Amino acid sequence: MSTNKSFSTETSERYSRALFEVSKETNDLEKVEIDIKNFQFLLNSSSEIKNFIKDPSQSIFQQNKVINLISDKLGFSKNLKNFLLLIIEKRRIFFVKKIFKNFLKLCSIKRGEINASLISSKELSKAELDQISKDLSSSMGSNLKFDFKVDKDLIGGLKLQLGSFMIDTSIKNKLKKFELAMLEN
């Protein structure tokens, strides 16, 4: 069964895999990962830079100038700097967020981490999150990394998603099941 991927998804995956492999070969993977997280923070905190990168009317020369400046100021690795200049040259800089998201996912997989989504009806303490992560990590045999959110609409309980596997112990879900059962009778 084939999956239909968009051009941007396929392109992003190819570029992120290439950066990952080059960084791994040169033992620069950790540095590139840190640099990418710093770049993402910069993109998320500066609408000017985000808009500059998304703007297709910017010249390659101007984009190179800005990326060189950012790379030098933030001390990016040579691999990341060259990679950014390459995707500018290929006019793929507007894919940078997707490329970096895929790259970080590859790094996470290499470390044996599994990303999970945890939604709770109330705020959980760091100790509670650590304990949940520790318990599930030991039972799964992998290191779990949580994306944690609070959703008051759940009324009580938790929702945990690991890839396509979902555990929903929320009161909202149980009430929905009761409602369906009552409608069937």
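Leaving aside neighbours within four places in sequence, with which residues is Leu29 in contact? The residues are Phe20, Ser23, Lys24, Phe103, Cys107 and Lys110, where contact means heavy atoms within 4.5 Å. Leu29 is found in helix 2; helices here are DSSP runs of H or I with at least four residues, numbered from the N terminus. Leu29 counts as buried because its relative accessibility is 14%. Buried means under 20% relative accessible area, exposed means over 50%, and partly exposed lies in between, as found with a 1.4 Å probe on protein chains only. Between the C-alpha atoms of Leu29 and Cys107 there are 8.0 Å in space, although the two residues are 78 apart in sequence.

The structure is a predicted model, in which local features need pLDDT of at least 70 and side-chain atom pairs count only at pLDDT 80 or more, whereas totals for chains, interfaces and linings use all residues. Residues are numbered from 1 along each chain as its sequence is written, and side-chain values use heavy atoms, with hydrogens and water left out.

The account now turns to the nonpolar interior. A nonpolar core is a set of buried Ala, Val, Leu, Ile, Met, Phe, Trp, Tyr and Cys residues joined through side-chain atoms within 4.5 Å. The largest such core has 28 residues, of which Phe39, Leu84, Val96, Phe100 and Phe103 touch the most other members. At least two residues of this core come from each of helix 1 (7-25), helix 2, helix 3 (47-54), helix 4 (60-74), helix 5 and helix 6. Helix 6 gives the most, with seven residues. Phe100 touches Leu19, Ile36, Phe39, Gln40, Leu80, Phe83 and Leu84, not counting residues up to four places away in sequence. There is also a second, separate core of seven residues, and Leu129, Leu144, Leu160 and Leu162 are included in it.

Ser133 is found in helix 7 and counts as buried because its relative accessibility is 14%. Glu128 lies in helix 7 (residues 126-140) as well, but Glu128 counts as partly exposed, at 34% relative accessibility. With residues up to four places away in sequence left out, Glu128 touches Lys122 and Glu123. Its C-alpha atom is 39 Å from that of Asn51, a residue 77 places apart from Glu128 in sequence.

Asn79 lies in helix 5 (residues 78-89). Its side chain makes a polar contact of 2.7 Å with the side chain of Thr26. A polar contact is a pair of N or O atoms within 3.5 Å; within protein, one atom must be able to donate a hydrogen and the other to accept it, and residues adjacent in sequence count only if both atoms are side-chain atoms. Beyond its neighbours within four places in sequence, Asn79 is in contact with Leu19, Val22, Ser23, Thr26, Asp28 and Val32.

Two loop residues have a positive phi without being glycine. Asn27, with phi near 55 degrees, is found in the loop between helix 1 and helix 2. Asn27 counts as exposed because its relative accessible area is 73%. Arg91, with phi near 60 degrees, has its place in the loop between helix 5 and helix 6, and is partly exposed, with a relative accessible area of 32%.

Finally, there is the largest pocket to consider. Rolling a probe the size of a water molecule over the atoms shows where empty space is left. On a 1 Å grid over the protein atoms alone, a pocket is an open set of points where a 1.4 Å probe fits, with protein on both sides within 12 Å along at least five of seven lines; lining residues have an atom within 4 Å of a point. The largest pocket has a volume of about 230 Å³, a volume being the space filled by probe spheres set on the points, which are joined across faces, edges and corners. Its lining consists of Glu33, Lys37, Lys101, Leu104, Lys105, Ser108, Arg111, Asn115 and Lys145. Helix 2 (29-45) and helix 6 (96-110) are the elements that give two or more residues to this lining, and helix 6 supplies the largest share, four residues.
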